[in-house]
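Here are some notes to read alongside the model. Have the sequence open next to it as you go through the points.

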Amino acid sequence: MEERHVIVTYRLDRATIQELRAQLEPDLISAIRHPTDIPPLVQVLSVLHFLASGSFQTTVAIASGLAQRMFSNVLSRVLSALLKHMRSYIVFPHVEDLPTVKGDFYALGHIPNIIGAIDGTHVALVPPAGVNRCTETGRATIL
């Protein structure tokens, strides 16, 4: 697979995927070895594809060569392993740094009040049921 296709499919490059696999591997290997164990790389790639595609578990499971039930177990295992390491990858700015962060983002795209970004993905936000309009301050009102 070309590197460009790897990035489109998994949202990470090969080197980062291998680093992530190595970091998560202790949590992904069964304590009791069994012939049907799923290799850690397959687990990581399956979950990355699921997260990158926004598809359904069944669809990703089929593409990964797994039963949906097995993929569900893999998803839970990989996400739990990721949670253990999330503070290494997800960093929120400190309150005192917010004006600088907002200024830096404004300089990049001229959009005010931005304090973070995730890989350039645009995510449609849908208000919860019962939210009919926003006030002038941008806060939603529930009717």
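1. Start with helix 2 (residues 14-28) and helix 3 (residues 40-53), which pack at an angle of about 115° with their axes 9 Å apart. Axes here are lines fitted to C-alpha atoms, for helices over the stretch in contact, and angles run from 0 to 180 degrees between N-to-C directions. That makes helix 2 roughly perpendicular to helix 3 (angles of 65 to 115 degrees count as roughly perpendicular, under 35 as roughly parallel, over 145 as roughly antiparallel and the rest as oblique). Helices (H or I, at least four residues) and strands (E, at least two) are DSSP runs, numbered from the N terminus.

2. A word on the basis for all this: the model is predicted, so local features need pLDDT of at least 70 and side-chain atom pairs count only at pLDDT 80 or more, while totals for chains, interfaces and linings use all residues. Residues are numbered from 1 along each chain as its sequence is written, and side-chain values use heavy atoms, with hydrogens and water left out.

3. On the helix 2 side, the contact (heavy atoms within 4.5 Å) is made by Ile17, Gln18, Leu20, Arg21, Leu24, Glu25 and Leu28. Helix 3 brings Pro40, Leu41, Gln43, Val44, Leu45 and Leu48. By type, the residues of this contact divide into nine nonpolar, two polar and two charged (Ala, Val, Leu, Ile, Met, Phe, Trp, Tyr, Cys and Pro count as nonpolar, Asp, Glu, Lys and Arg as charged, and the others, Gly among them, as polar).

4. Stay on helix 3 and look at Ser46, which is found there. Is Ser46 buried or exposed? Ser46 is buried, with a relative accessible area of 3% (buried means under 20%, exposed over 50%, partly exposed in between, with a 1.4 Å probe and protein chains only). Leaving aside neighbours within four places in sequence, Ser46 is in contact with Val60, Ser64, Leu66 and Phe71.

5. Phe50 and Phe71 pair edge-to-face, 5.6 Å centre to centre with 65° between the planes (rings of Phe, Tyr and Trp, its six-membered ring, pair if their centres lie within 6.5 Å; planes under 30 degrees apart count as stacked, over 60 as edge-to-face and the rest as tilted). The pair links distant parts of the chain: Phe50 in helix 3 and Phe71 in helix 5 (residues 68-89), 21 residues apart. Phe50 is buried at 17% relative accessible area, and Phe71 is buried at 0%.

6. Phe50 also touches Ser55, which has Val60 as another contact, again leaving aside neighbours within four places in sequence. Ser55 is found in the loop between helix 3 and helix 4 (57-64), and Ser55 is partly exposed at 25%.

7. Lastly, check two backbone angles. Most residues other than glycine have a negative phi. Arg11, in the loop between helix 1 (3-10) and helix 2, has a positive phi near 65° and is partly exposed at 38%. His110, in the loop between helix 6 (98-109) and strand 1 (131-134), has a positive phi near 60° and is exposed at 55%.
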